[in-house]
Amino acid sequence: MRISNITSVLLFLLLLNFFPEQLISQGKKGNTVTIAFYNVENLFDTIDDPATDDQEFTPAGSAKWNSVRYKQKLKNLAEAISQIGDDQAANPPVLVGLAEVENRQVIEDLIHTPPLKSAGYRIIHYDSPDKRGIDVALIYKPSVYKVILSKPNSLKIDDQPDFFTRDILLVTGKLDGQPLAVLVNHWPSRSKGEKESAPFRNAAADLCRSLYDSIQKVQPGTGVIILGDFNDDPVNESLMNHLKTVVIADSVRTGDLFNPMWKLFEQGSGTLTYKGKWNLFDQIIISSSLVEKSKKGYFFYKSGIVKSQMLLEQEGQYAGYPFRSYAGNNYLGGYSDHLPVYIYLTRNVK
């Protein structure tokens, strides 16, 4: 298995040292910001793209996807995202990683749908080689997070030239003047079986770890947030042995990656269900520098899963499960088959 060349990543990370700082007030709760991830489950437009396998989500497809359903999906997702972290932060999340978006236009439509329209989000997105045409992306508030550069990183498998999956999106920038890099992931699925597909997720984890190590090599101590749908739980080998996460905060050493979602998983929480069992595939992992309580910059405060009532089925045998858009080809009009996850970063304000 082979990972992509990261020389260009090393070069543009050097720019972090020379980029001017921006110090921006964030209001009465300005000491806390929210960073989130949401697999939005098949956010497709209604137009057939001949370059991808998206026919299911067209008016003539099996989902009978149309403009009315599309607009309802946008409305639902915008409402959900706008409320993430509202109990601790003054505003919607500063950064939101997204998975299962078809193209840039659907993200444009999303961020211009009330109540997200007033948030002023901007987009980082690249078309990935995924056969269904679904991608990862990052939306961010430019008034708080100043992007320097971004780069998609493709996963290549040496002995499988026909293997295509989502890129790992790397974004570097500054959060209120503090260097912060973000890696947005959507690792290969379990559709061919958990054990059979595990090597592909392990390879994705190796690529992600290599990118993280490169960041730390160029600028040790840079804050890094790794978020995404990993299609594995916090205890699986891809996260534990290949990404090399640490799950106990007191055991974190310089250079480690801390996974605060492990504790939630151990408590029985999850972000999606399969055959009546909760999995926690959606996670946010942070570098050791964000675990340490800094006197100057942001540091980790709390992680969580959004389980508001509107995101959950309210009755029937699936009550309490994610309220999704479809069950098979049966349109439900919900949000997603995944729940959003988030972390709070806070800082000391004099």
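Residues of the types Ala, Val, Leu, Ile, Met, Phe, Trp, Tyr, Cys and Pro count as nonpolar, Asp, Glu, Lys and Arg as charged, and the others, Gly among them, as polar. The views show a predicted model, in which local features need pLDDT of at least 70 and side-chain atom pairs count only at pLDDT 80 or more, while totals for chains, interfaces and linings use all residues. Residues are numbered from 1 along each chain as its sequence is written, and side-chain values use heavy atoms, without hydrogens or water.

**View 1. The second largest pocket has a lining of 11 nonpolar, three polar and three charged residues.** A pocket is an open set of points on a 1 Å grid over the protein atoms alone, with protein on both sides within 12 Å along at least five of seven lines; its lining residues have an atom within 4 Å of a point. The second largest pocket holds about 300 Å³ of space, where a volume is the space filled by probe spheres set on grid points joined across faces, edges and corners. Of its 17 lining residues, Ala249, Phe258, Pro260, Phe300 and Tyr301 are the closest to the centre. Strand β16 provides the largest share, five residues.

**View 2. The largest pocket has a volume of about 1400 Å³.** Ser189, Arg190, Ser191, Asn231 and Asp337 are the closest to its centre among the 43 residues that line it. At least two lining residues come from each of β2 (32-43), α4 (194-218), β13 (272-274) and β14 (277-279). The lining comprises 13 nonpolar, 13 polar and 17 charged residues.

**View 3. Ser189 lies in the loop between β9 (178-186) and α4.** This serine is partly exposed because its relative accessibility is 31%, between the limits for buried (under 20%) and exposed (over 50%), found with a 1.4 Å probe on protein chains only. Leaving aside residues up to four places away in sequence, Ser189 touches Arg166, Ser197, Arg201 and Asn231, a contact being heavy atoms within 4.5 Å. Its side chain also makes a polar contact with the side chain of Ser191, at 3.1 Å. Such a contact pairs N or O atoms within 3.5 Å, one able to donate a hydrogen and the other to accept it; sequence neighbours count only through side-chain atoms on both sides.

**View 4. Two cavities of 30 Å³ or more occur in the structure.** In a cavity, a 1.4 Å probe fits but cannot get out. The largest cavity, of about 50 Å³, is lined by Tyr126, Ser128, Asp135, Val136, Pro152, Asp167 and Leu169. Four of these lining residues are nonpolar, one is polar and two are charged. The second largest cavity contains about 30 Å³ of space. Helix α2 (residues 67-82) gives the largest share of its lining, four residues. Trp65, Arg69 and Tyr331 are among the residues that line this second cavity, whose lining has two nonpolar, five polar and two charged residues.

**View 5. Helix α3 (residues 104-111) has Val106, Ile107, Leu110 and Ile111 as its buried residues.** Down the axis of α3, these residues fall within an arc of 130°, so they line one face of the helix; the arc is taken from the directions from the helix axis to the C-beta atoms. Their cover includes β2, α2, β3 (95-101), β4 (122-125) and β5 (135-140). Asn103 caps the N-terminal end of α3, with a side-chain oxygen 3.2 Å from the backbone nitrogen of Gln105.
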